[in-house]
Amino acid sequence: MEKRQFTIYGRVQGVGFRFYTTRQAQKLMLSGSVKNLSDGSVLVIAVGIENQIAALRQWLKTGSPAARVDRIIEQEYVGEREFIDFKIEH
């Protein structure tokens with residue numbers, strides 16, 4: 001299993017980004033989480049196999065219908081946390 005962390009910058013808060021990301025991740029059968037960060041970005045942690053992660057990566061480039069994605073920083077997720085499903089965190 002791959003564990004990836006994405007930080008998405010742009011107009012990604014207040015536009016349904018977390019909801020749509022959760023829906024897409026669940027459709028791809030990924031586990032993980034999505035949450036807003038205090039700097040206006042969104043953090044996505046995704047756990048799955050390579051092609052599932054690749055599909056989410058591609059989707060994140062555009063995001064929700066009202067979003068504007070300016071930049072994505074991707075890195076390996078090195079946290080200890082285990083994920084059973086994909087959900088929004090507050």
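In this short talk I will go through the annotated residues, the salt bridges and the aromatic contacts of one predicted protein model.

Because the model is predicted, local features are reported where pLDDT is at least 70 and side-chain atom pairs count only at pLDDT 80 or more, while totals for chains, interfaces and linings use all residues. Residues are numbered from 1 along each chain as its sequence is written, and side-chain values use heavy atoms, with hydrogens and water left out.

Let me begin with the record. UniProt, in an unreviewed entry, places the feature "domain: Acylphosphatase-like" at residues 3–90; UniProt positions are given here in the numbering of this model, feature names are shortened, and annotations may be inferred rather than shown by experiment. That span is 25% helix and 39% strand, and its end C-alpha atoms lie 21 Å apart; helices (H or I, at least four residues) and strands (E, at least two) are DSSP runs, numbered from the N terminus.

Which residues does UniProt list for "active site"? The unreviewed entry gives Arg18 and Asn36, and although they are spread over 19 residues of sequence, they cluster in space, with a largest C-alpha distance of 7.8 Å. Arginine 18 is in helix α1, whereas asparagine 36 is found in strand β2, residues 31–36. Arginine 18 is partly exposed at a relative accessible area of 23%, and asparagine 36 is partly exposed at 28%; here buried means under 20% relative accessible area, exposed over 50%, and partly exposed in between, with a 1.4 Å probe and protein chains only. Not counting residues up to four places away in sequence, arginine 18 touches several residues, including Asn36 and Glu89, and asparagine 36 in turn touches Val12, Gln13, Arg18, Ser41 and Val42, where contact means heavy atoms within 4.5 Å.

Helix α1, residues 17–27, also holds threonine 22, which is buried with a relative accessible area of 9%. Leaving aside residues up to four places away in sequence, threonine 22 touches Val34, Phe86, Lys87 and Ile88.

How many salt bridges are there? A search of the whole structure finds five, a salt bridge being a side-chain nitrogen of Lys or Arg within 4 Å of a carboxyl oxygen of Asp or Glu. In one of them, glutamate 74 meets arginine 4, with the closest N and O atoms 3.0 Å apart; this pair links distant parts of the chain, since glutamate 74 is in strand β4 (residues 68–76) and arginine 4 in strand β1 (residues 2–11), 70 residues apart. Arg4 and Glu74 are linked with Arg57 in a network of salt bridges. Glutamate 89 forms a salt bridge with arginine 81, at 2.4 Å between the closest N and O atoms; glutamate 89 is buried at 17%, while arginine 81 is partly exposed at 36%.

Finally, the rings. The structure holds three aromatic pairs, and rings of Phe, Tyr and Trp (its six-membered ring) pair if their centres lie within 6.5 Å, with planes under 30 degrees apart counted as stacked, over 60 as edge-to-face and the rest as tilted. Phenylalanine 17 and tryptophan 59 form a tilted pair, 6.0 Å centre to centre with 45 degrees between the planes. Phenylalanine 17 lies in helix α1 and tryptophan 59 in helix α2 (residues 50–60), so the pair ties together parts that are 42 residues apart in sequence. Both phenylalanine 17 and tryptophan 59 are buried.
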